[in-house]
Amino acid sequence: MMIALPNDDNSCGWYQALPPAAPATRLRGQQQADYAVLGAGFAGLAAARRLAELKPDARILLVDAQRVAEGASGRNSGFVIDLPHKFALEHPDPVHKQKLLGLNRAAIAQLQGLVERHGIDCQWSAVGKYQGAVGERGEAFLEHFEHLMQDLGEPYHWVEKGELGKVLGTPYYSRAIFTPGCYLMQPAALVRGMADHLPGNVELLEQSPIRGLQRERGQWRLQGDEGSITTPRLLLGTSIFTREFGYLKNRLLPVMTFASWTRPLTDEELARYGGELNWGLTPADHAGTTLRMTADRRILIRNSYKHVSKYGASVSEGMRQRIRADHRKAFLARYPALAEVPFTHTWGGVYAISRNFTNFFGQLEEGVFASACDNGVGAAWGTISGTLLADLAVGADSQALRDIRQVTGMPSLNPPEPFLGLGVKSRIRLAKWQSRSEL
């Protein structure tokens, strides 16, 4: 089995802002584990932690091809959102949406507990978020969002242009809806912090790519470069890479979204900016621009979506420079008075979406369990789905486990390549064109 591995660049600003990591422990020799968890992102970390709680005498190996926080979990925009995702909000069944809301909030409570218990320095803050519109198209989406919030019975309030400008330091946006339940954080710092405080019976093996998976005498054998793991139970927190092991192979779409950020603003630049610190804005039009001002004074711009059939290897330096130029235009449109402030990093992160926007959660075959396909909302969903996947793997039962099984399903089949890639690229181009007034 030849497995295409993560191929992330080293240009992620969140990761580069961290202090140097301690030396990695790698997979070496023949190892036997009661449980192996593959992928040390939000889902894998949560699964390993929960397994350790449920099975304190078990040997649990948590394995990642890269360093913790180098992959997708450390590359997002730093939102932990309680509300169902935009597409899930459209679901006709209010009970379905309440279950999603409850699961997301359980994840937030779990993450907050870990941050507080272990003193994880990750800019964790309960500041809510803005959903912002630039013009008429965006405002129409906001009015629809208002109806969805009313149906859900969730609190929100409108923020008009003048008040919004005082927060954002720019008059670029016409209106926004504020929702209070979102948390902001530094994702790479949060993920690394959780990895640094795993229970004692979890062993973390980094820079240990698994290149083969096979069934041998009722056990699973994971083959690495310098060693192997034999285990009766394997939990996959591998998102899009789940298909590399032969599962959900024609059901997951690899998409990458990109961000750029500035260096921290100086005191003089901050005075010119004139807005507040530590807020996040997502676009009313889902193909628009996400905007952050971090607690440490960096402005982050995120937009641009690409279909990446070869994951990080699909991204050329030329593509990155074009995306960076697009981000620069978005930055200058919002902050012309900060034109001399440079971007220091531009990065992408790959994640899995499905054509029917359905998340997979469950058992794939005997001894193999997976949470795959977060459809772009990984921090909360990864945390709660990883936790409950451990419950499923050990045969525990809870209302939350019943809930997650009711709100997940099978991602729909994709057409074969090259039709799939052509179709996805066409849809992304169309969405960008339709949303051009909101970028």
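## Basis of the model

The model is predicted: local features need pLDDT of at least 70, side-chain atom pairs count only at pLDDT 80 or more, and totals for chains, interfaces and linings use all residues. Residues are numbered from 1 along each chain as its sequence is written, and side-chain values use heavy atoms, with hydrogens and water left out.

## Nonpolar cores

A nonpolar core is a set of buried Ala, Val, Leu, Ile, Met, Phe, Trp, Tyr and Cys residues joined through side-chain atoms within 4.5 Å. Buried means under 20% relative accessible area, exposed over 50%, and partly exposed in between (1.4 Å probe, protein chains only). In soluble globular proteins, nonpolar side chains tend to be buried together.

The largest nonpolar core here has 59 residues, and I60, L62, V80, W124, L190 and L235 have the most contacts inside it. Helix 10 (residues 378-394) gives the most to this core, with nine residues. Another core, of 35 residues, lies apart from it and includes L61, V63, L205 and V368. Helices (H or I, at least four residues) and strands (E, at least two) are DSSP runs, numbered from the N terminus.

Contact means heavy atoms within 4.5 Å. Leaving aside neighbours within four places in sequence, L190 is in contact with F42, L111, V115, I120, C122, W124 and M185.

Two strands pair if DSSP finds at least two bridges between them. Six strands form an open sheet with mixed pairing, in the order 9-3-2-13-20-19. Strand 9 (202-205) and strand 19 (360-365) stand at the edges with a single partner strand each, so one side of each has no neighbour in the sheet.

Strand 2 (residues 35-38) pairs with strand 3 (residues 60-63) in the parallel sense over four bridges. The bridge partner of Y35 in strand 3 is I60.

Helix 10 is mostly covered, with 15 of its 17 residues buried. From its first C-alpha to its last, helix 10 reaches 23 Å, close to the 24 Å expected; the expected span is 1.5 Å times one less than the number of residues. After helix 10 comes G395, whose phi is positive, near 85°.

Helix 4 (residues 94-118) packs against helix 10 at an angle of about 90°, with their axes 8 Å apart. Axes are lines fitted to C-alpha atoms, for helices over the stretch in contact, and angles run from 0 to 180 degrees between N-to-C directions. Among the residues that meet are L100, L103 and L111 in helix 4, and W381, I384 and L388 in helix 10.
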